[in-house]
Amino acid sequence: MGLIQQVPPDYSAIKIGGQRAYDLARRKETVDLALREVRVHSFDLLPQPDSDPNRARFRVDCGKGTYIRSLGRDLARAVGSVGHLSFLRRTAAGPFREAEAISLSKLEALGHNSRLLGALAPVATALDDIPALALTEAQASRLRQGQPLTSTQDAPTSGALYRAEQDGRLVALVETEISESGGVSLKPVRVFNL
């Protein structure tokens, strides 16, 4: 638990030399993935309903980027055995919880009417972990038209992503671009008309 070093599985979407690791693994090419630091908040052994001594159930609460298959592999190795996942159920991802999910049948029953909008989370919920930038009305108007903005704010690096908002309302996702002279521009990546 805590911060751990983890090697992602060979069959992951990580790019190696411009190619996905899973493509290399399928072609039986060598996949050499670097250790990554991930956070495991809790890792609990749960009761096994069928009392099979060769099976175990766990509940894991972890940070983003954690590969659960790799966690299972590493646990098996740590106890001097082998193992694999036969079942994986994600009960939360970021701000989204399974308990708040809508089944497909319920979604279909709501149809295309105002009740549907009341059942869905706002788009901004999915972007909550992206830092926000406050915009003036003129800046928001420029971004809505797909035009970049010049920023006086310091940008940590070129390519940083921000959530651009006007009066708390999502306008666009913008990416920083730093010129050779050090000027920072905010280029719209995705514009929202909400």
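Me: Is Phe-43 buried, partly exposed or exposed?

Reply: The model is predicted, so local features are given for a pLDDT of at least 70 and side-chain atom pairs for a pLDDT of 80 or more, while totals for chains, interfaces and linings use all residues. Residues are numbered from 1 along each chain as its sequence is written, and side-chain values use heavy atoms, without hydrogens and water. Buried means under 20% relative accessible area, exposed means over 50%, and partly exposed lies in between, with a 1.4 Å probe and protein chains only. Phe-43 has a relative accessible area of 26%, so Phe-43 is partly exposed.

Me: How many aromatic pairs does a search of the whole structure find, and of which kind is the pair of Phe-43 and Phe-58?

Reply: The search of the whole structure finds one aromatic pair. Rings of Phe, Tyr and Trp (its six-membered ring) pair if their centres lie within 6.5 Å; planes under 30 degrees apart count as stacked, over 60 as edge-to-face and the rest as tilted. The ring centres of Phe-43 and Phe-58 are 5.2 Å apart and their planes stand at 80°, so the pair is edge-to-face.

Me: Which strands hold Phe-43 and Phe-58?

Reply: Strands (E, at least two residues) and helices (H or I, at least four) are DSSP runs, numbered from the N terminus. The pair links distant parts of the chain, 15 residues apart: Phe-43 is in strand β4 (residues 36–46) and Phe-58 is in strand β5.

Me: Is Ser-51 buried or exposed?

Reply: Ser-51 lies in the loop between β4 and β5. Its phi is near 55°, a positive value in a residue other than glycine. With a relative accessibility of 60%, Ser-51 counts as exposed.

Me: Why is strand β10 described as largely enclosed by the rest of the structure?

Reply: Strand β10 covers residues 161–166. It is largely enclosed because, of its six residues, the number buried is five.

Me: In which sense do β8 and β10 pair?

Reply: Two strands pair if DSSP finds at least two bridges between them. Strand β8 (residues 132–134) and β10 have three bridges, and Ala-132 stands opposite Arg-163 in β10. The sense of the pairing of β8 and β10 is parallel.

Me: Which residue in the hairpin of β10 and β11 takes a positive phi?

Reply: Strand β11 (residues 169–178) runs antiparallel to β10, and six bridges join them. The hairpin has two residues between the strands, and the residue with a positive phi, near 50°, is Asp-167.
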